[in-house]
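Reader: I'd like to learn how to read a model like this one. Could you walk me through a few features?

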Amino acid sequence: MRLGGLQRTTLSDFPGRVACAVFTAGCNLRCPYCHNPELIDGDPNSAAASTLSEDEFFAFLDDRKAVLDGVVITGGEPTLHRDLPRFVSRIADRGFDVKLDTNGTRPAVLREMLDTGAVEYVAMDLKTIPDRYDELGADAGEAVERSVELIRASGIDHEFRTTFDPGVVAPRDFETLDELVGDSPLVVQSVDTEDVLCPDRVRETPVDPLATIGDAAAEPLPGIEHRE
């Protein structure tokens, strides 16, 4: 595993748990508002390029057993790593709950992770509607739709998240996203414009994102919530 960093404690990223967040390096998308641009490039399966070794990470977990309930695996994109199943198993074997963050572009790996039984929670970022993923550097629309289906059918606690950059996802697109996720939670996140991948391309989230989305929709979308 190529690990790019560690947040030692988070109270907001794993519902109901005191957790840490470990960041994997490498990503197959190029979202202009990405707030971890230093993690994007490079071979995700080259441990030599890690800024945090696995030994250091697991030593940290062993020291924090009395404090932490869970571990958030985020990125970058964790499913690019061929060692992800082994990595998750090592965490779960220590008694920690595992939350996986993913962009949903690798449904075969996601299915493998869901089938292990070691993942307690999944948060999938829906960057935009499936037809627009080529704008982010990957022809991944069908893969994303498949991942949504897998997560919804898994019975595992989950949420879907969309960062509302109007240059990436238009207000009217949320109607399509809401239909795609069905009765699953869809969280609208505000854009962070500092230290992003493409600051010249990022467009700020509307002041009242839910009102903007509602005005563009043909029907009310009560299942969508906003998170700063």
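Reader: Let's start with D195: where is its place?

Author: Before that, a word on the source: this is a predicted model, in which local features need pLDDT of at least 70, side-chain atom pairs count only at pLDDT 80 or more, and totals for chains, interfaces and linings use all residues. Residues are numbered from 1 along each chain as its sequence is written, and side-chain values use heavy atoms, with hydrogens and water left out. Now, helices (H or I, at least four residues) and strands (E, at least two) are DSSP runs numbered from the N terminus. D195 sits in the loop between β7 (186-189) and α6 (209-216).

Reader: Is D195 buried or exposed?

Author: Buried means under 20% relative accessible area, exposed over 50%, and partly exposed in between, with a 1.4 Å probe and protein chains only. D195 has 64% relative accessibility, so it counts as exposed.

Reader: And what is D195 in contact with, leaving aside its neighbours within four places in sequence?

Author: Contact means heavy atoms within 4.5 Å. With those neighbours set aside, D195 touches C34, H35 and P37. Its phi is near 55°, a positive value in a residue other than glycine.

Reader: Which residues have the most contacts inside the largest nonpolar core?

Author: A nonpolar core is a set of buried Ala, Val, Leu, Ile, Met, Phe, Trp, Tyr and Cys residues joined through side-chain atoms within 4.5 Å. The largest one here has 61 residues, and F57, L61, V71, I73, F87, I91 and L126 have the most contacts inside it. A second, separate core of seven residues includes A19, A21, V72 and Y121.

Reader: How do the axes of α3 and α4 cross?

Author: Axes are lines fitted to C-alpha atoms, for helices over the stretch in contact, and angles run from 0 to 180 degrees between N-to-C directions. Helix α3 (residues 107-116) and helix α4 (residues 141-154) have axes that come within 9 Å and cross at roughly 15°. Angles under 35 degrees count as roughly parallel, over 145 as roughly antiparallel, 65 to 115 as roughly perpendicular and the rest as oblique, so α3 is roughly parallel to α4. On the α3 side, P107, L110, R111 and L114 make the contact, and on the α4 side A143, R146, S147, L150, I151 and S154 do.

Reader: Which residues does a cis peptide bond join?

Author: G75 and G76, with omega about 10°. G76 lies in the loop between β3 (70-74) and α2 (84-93).
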